[in-house]
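Please open the structure in your viewer and display it as a cartoon.

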Amino acid sequence: MPHLPRFVTLQDIADHTGYGRSTVSMALRGHPGIPGATCLVIKQAAEKLGYRPNPFVASLMTRMRGRKSSGGQRIALISRFDHAVGSRSTVYYRVLYEAILEEARRYSLGVDQFYNNTSTPLSGPRLSRILKTRGIHGVILFPGKSAESAEFPELVWDDFTTVLIGHRTRHEEFHKVVPDNVYHIDCALQHAQAAGCRRIGLMVPAPTNDSTNEIWSSRFLNYQHGIAARDRVPLLFSESYRIDEPTFSTWLRKWRPDVVFTSIHNVLDRIVELGLRVPEDVKFINLALRDHPGHAGMDPYTTEVGRAAVDLLVSLMQTHQGGVPEFPRTISIRGKWVSGATFPEPALSADAVSGRV
């Protein structure tokens, strides 16, 4: 039987160049939002790998992009918040929302947002009717929630193509896109160990522990299982996204970690207020870097999570995959380590930082 050649995909080019799949797609089309130098690198890589665009997919995408967004296809963004996602949201949700809007515009898709209005809540059947009346067939379930809303409305799921972002919902049966939090905590632990840190402390907010599916805490406890008891710093939970005082001060002074891991960026300010020098007395790693100059830690590339959710939804809609899938897929977006003044470290090779603890 003759050997069939393997087609080179956009993901192959993304893996080869280190750029996101959506960036690769836009660069190959000469999108004005992609810098010329980036386009050149990606196009040269595509030529080297022997990439040839799929004419069937290209035709579909051309038709979608040709629609006017004012009268074209729309998708729904459904959240469990009691307000619209946007300016009132935290940085993570705002960045994710803006990435979804940007990627939807690339496909000439409009986005209708629905949230939990506690005064006039929408039932699942009613929201399903509204979506169908508007001609909406694609749905993105947005992460996060308000205290009053534990779940998404129960839509008539067979009528829609649905993609979930994140964890912690009754509807884990859908295809979903998540940050690769296993890699993020493992990579941070690896950097800390390589820098000679023996006593590693993790402070995690309870809401974050919930939204990350307890991945950070479980991986950290697994790591502690393999080290000497004298080097184990107890995991510290914060009940909210704010520092729990005086618990944090007591924990820090009693256990004296070499480095503190957390996603609460103002923990660094509190450490300094307690009279400790960073990084001389205690080092600091931010597990969710977004706009924190000087911090070392993991950039989860939240924009890529939003883009991937739209890309996945579009691909499922193009192939008419609606309802609850028999075999749901999970796409995880791997972030990158960012060096910073809060954590001086020895130089690590690319192979060393790509492994697991």
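**A helix and a sheet**

The model is predicted, with local features requiring pLDDT of at least 70 and side-chain atom pairs pLDDT 80 or more, while totals for chains, interfaces and linings use all residues. Residues are numbered from 1 along each chain as its sequence is written, and side-chain values use heavy atoms, without hydrogens and water.

Which residues of α3 are buried? They are Thr38, Cys39, Ile42, Ala45 and Ala46 (buried means under 20% relative accessible area, exposed over 50%, with a 1.4 Å probe and protein chains only). Viewed down the axis of α3, these buried residues lie within an arc of 135°, so they line one face of the helix (the arc is taken from the directions from the helix axis to the C-beta atoms). The face turned away from the buried side of α3 carries the exposed Gly36, Ala37, Glu47 and Lys48.

Then move to the open, mixed sheet of six strands, ordered β7-β6-β8-β9-β10-β12 (two strands pair if DSSP finds at least two bridges between them). β7 (236–238) and β12 (336–338) are the edge strands, each with a single partner, so one side of each has no neighbour in the sheet.

Finally, select β10 (residues 296–299), which pairs with β12 in the antiparallel sense over three bridges. Glycine 297 stands opposite valine 338 in β12.

Note on methods. Helix = DSSP H or I, 4+ residues; strand = E, 2+ residues; numbered from the N terminus.
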